[in-house]
Amino acid sequence: MSTVRLTTAQALVRFLAAQYTERDGERHRLIAATWGIFGHGNVAGIGQALVEDRTRMPFHQGRNEQATVHAAVGYARQSNRLSAHAVTTSIGPGATNLVTGAALATIDHLPVLLLPGDTFATRPADPVLQQLQLPYAGDVSVNDCLRPVSVYFDRVGRPEALVPAALEAARVLADPAATGAVTLALPQDVQAEAYDWPEEFFAERTWRVRRPRPDAAELDAAVRAVRAAERPLVVAGGGVRYSGAEDALRALAERAGLPVATTQAGKGVLPYDHPCDVGGVGHTGTETADALARTADLVIGVGTRYTDFTTASGTLFPEGARFLNLNVTGFDAHKQAALPLVADAREALTALTAALDGHRAREPEEWAAAKRDWQRRVDAAYAAPDEDARPTQAQVLGALDTLVDARDILINAAGSLPGDLHKLWRPRSADQYHVEYGYSCMGYEIPAAIGVLLAAPGRPVWALVGDGTYLMNPTEIVTAVQERLPLRLVVLQNHGYASIGGLSEAVGAERYGTDYRYRDADGGFTGPPLPVDLGANAASLGMRVLRPRTVRDLREALKEARAATVPTCVYVETETPDTVSGPPPAPAWWDVPVAETATREAAVEAREEYDRHVTARRRHL
């Protein structure tokens, strides 16, 4: 057998550069690039290997380890999970900073390869810098905190152990039913150790992304359920997009006469003006979709996990409603005591459409009037009667709505924006709407936008963030500047946590600790907003900053930002919405438990309201 003598790190980089995915005849690099921040746990191993193989494996320099994972996730999502990035870190805090990003990737079923350094396998000195010592377990390091948030974890304690570990890591990353964060912990001495590797290990390898077809018996049961339903409703999730099943969904909806409501991850799989699209569903959905959900006798879930926002914490769908779930994972297909149709979304939708053979359940006229009424409410929220006034958050979205086309991509994850976007935004293309709401991670937007820009060069990419989110993680602005990426950042300054402030008020916590104000001696927060200038901060990190003060200014600033070829920030202070221009309130409940006993009147009233809602919760069995 012919061999090549390399270090473990060199072998890993060379192996990763030779891995590909293939689906529907299209081939992609499995690991298209590596992100990293170097320290003593990876600089001499992976760091040296990356510079030695820099033509095979592109490298991106990050500023925060969590952010590098977010960038990798943004890239993977834009690539429909067919291509991913790796992230390398040192041991200690560099490795533990990966946990939040890993949790997000696994929850959202998006592939990312994590390569944290680890303490010495040979233990020449014990303990070493940043080593966690546990009296009961000598083989545990801080990297073990990545186990519960990884879909695959291995510690490569010997060079030869890399072969099975790397192959298994690649298999899991390429499997749509199993993918998420994959972790290979790499002891720093093993990274630098040489070994004679079989040349076959570095041969190009193609991992075919399966499209499993539905079982005949499950398909037959699904067809009978749809034919028997009088008020069916489709709930489309992110699985539709990752499967590339938008055309198959459209065909089913049009031929069978099915209204299609969408989760946060599924929004955009039908364009907003398609007759069968009824908008977002659940707590942050539209009244059109939620009204149909409340009367549905069959809910057809396609590629959705049925989070509490989608089901309104179990209060949205009526007693006696049945579920039919099309999902590539059996775990999600069986939720809500559903009839499962375990298959790739495109294959399942295509088979279901053919098997229904002309059956038509409903007509778009049933919900057309409600949809038109909802669009009038969106228009009212977007409207700005006074062009010289300070804009509301909804008016910022309205100004952007008039500017974008199908090429633009909007990224958001946390705060009040996900709710407003789910209700109000009008997606023009299947991949325009990029809201990460599985983990709703503050600080996701800026690095994710960088990942999207790398996956979709030439397209206008907008990161929409509130001031609270911006303060969590602005560091990757420097990366956008370094990479010469025309990131378009819109920072909405409302001097606090608007979403949690509203929730705090609703649950009787009286907005305590949710505004950016000075602290009083008695523990309160009063006075004017803090003199914080996030625009100046963005400028100090290398961005060009535009400062519109009115709606009129805002329209010009957004237009200028869209045409920019350098990282550009639109920094706008927003006005509290009034009853005319504010977004419609949430049309469905969300369960946040309220204090069962309290002395303050706000909490007592909130508990009474909570008790009224909680009685509507039901389990679908």
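Residues are numbered from 1 along each chain as its sequence is written. Because the model is predicted, local features need pLDDT of at least 70 and side-chain atom pairs count only at pLDDT 80 or more, while totals for chains, interfaces and linings use all residues, and side-chain values use heavy atoms, with hydrogens and water left out.

Leu489 is, together with Leu114 and Tyr470, among the residues with the most contacts inside the largest nonpolar core, which has 47 residues. Helix α18 (residues 445-455) supplies the largest share of this core, 6 residues. A nonpolar core is a set of buried (under 20% relative accessible area, 1.4 Å probe, protein chains only) Ala, Val, Leu, Ile, Met, Phe, Trp, Tyr and Cys residues joined through side-chain atoms within 4.5 Å. A second, separate core of 36 residues includes Ile31, Ala49, Tyr152 and Phe202.

## The parallel sheet

An open sheet is formed by 6 strands in the order β5-β4-β6-β7-β9-β8, with parallel pairing; strands are DSSP runs of E with at least two residues, helices runs of H or I with at least four, numbered from the N terminus, and two strands pair if DSSP finds at least two bridges between them. Since β5 (59-61) and β8 (152-155) stand at the edges with a single partner strand each, one side of each is left without a neighbour in the sheet.

How values were computed: Buried < 20%, exposed > 50% of the residue type's maximum accessible area, 1.4 Å probe, protein only.
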